[in-house]
Amino acid sequence: MIESYLPQASTFAGDIDWLFSMVFWIVGAWFLVCSGVFFWLVFKFRVPNGSQATAEYITGEEKSQKRWVTIPHLLVLFCDVFIIYGAVKVWYDVKQYLPPPDQEIQIIAQQWAWTFVHPGADQKFDTADDIHTVNELRLQEDAVYHYHLSSNDVMHDFSVPVFRLKQDAIPGRVITGWFTPTESGEFDIQCAEICGIGHGLMPARLVVEDAAAHTAWLAERSPVKLAAVTSPVVEN
Ligand SMILES: [Cu+2]
């Protein structure tokens, strides 16, 4: 249902959509039942025009009256079991479990831009071959990524709708999570936490590409290679 409006581009996007759909159908069914009972009562006990009938005072103490509360209550609790089971399972898979990574990236939020850091060929951050991009995140399709999300100033939120991913960035903390892109293409990234007057101007682009294209891009953007090209050759 949701995927017809927004592609599912990560491995867990389908699980999140399944959870949304389950809650939608359970709550939707109860909404229809409640509305039906409500209007049935309204019309059944309608007083004809001109009648002098007075409203009946019901204490709700009789067993036959209490049933109107206890039976729906137990049925709702029964539905809650499914919602809680599904929510905890999906939450664990998306937010608490960390599958072994193929790649790692750093995501740094600030007022009002995103900086993305790839560790480069040595797979280590804070070294000379790190690749920095601003407001453009390039990822390899079908690779498991660990992200390390931080903020330089206030609270932000890294939101990638096609991944069904939202994660707050909190100053002073580095939050690690994961995703696996499953569909190549260009998608939106947006800050999802009001972070100041430029909050709405904090979008970024996500580019997911196949392994060959991504490797070529990493090689081309490597600062070590760029330095080799641009630095003057010193000869004695
Ligand atoms: Cu922000």
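Start by selecting V160 and looking across to β7: the residue standing opposite is L165. Keep in mind that you're looking at a predicted model.

Now widen the selection to the two strands. β6 covers residues 156–160 and pairs with β7 in the antiparallel sense, over five bridges. Together β6 and β7 make a hairpin, with four residues between them. While you're at the turn, click R164, whose phi is positive at about 60°.

Next, show side chains along β7, residues 165–169.

Go back to V160 and bring up its contacts. Leaving aside residues up to four places away in sequence, V160 touches L165, F187, I189 and L206. Which residues have the most contacts inside the largest nonpolar core? V160 is among them, along with I107, F163 and L206, in a core of 28 residues. Colour by domain here: domain 1 (2–46 + 55–96) and domain 2 (103–229) both give residues to this core, so it lies between them.

Last stop, the open sheet. Five strands line up as β3-β2-β1-β5-β8, with mixed pairing. Pick out β3 (131–134) and β8 (175–179) at the edges: each has a single partner strand, so one side of each is left without a neighbour in the sheet. From one strand to the next, the twist averages 25°.

To finish, zoom in on β5 (residues 145–151) and β8, which run antiparallel and are joined by five bridges. Select H146 and you'll find its bridge partner in β8, W178.

Methods. Residues numbered from 1 in each chain as written. Predicted model: local features only at pLDDT ≥ 70, side-chain atom pairs only at ≥ 80, totals over all residues. Buried ≥ 20, exposed ≤ 12 C-beta atoms within 10 Å, placed from the backbone. Pairing = 2+ DSSP bridges. Axes fitted to C-alpha atoms, helices over the stretch in contact; angles between N-to-C directions. Core = buried A, V, L, I, M, F, W, Y, C linked by C-beta atoms within 7 Å. Domains from an automatic or database assignment. Contact = placed C-beta atoms within 7 Å.
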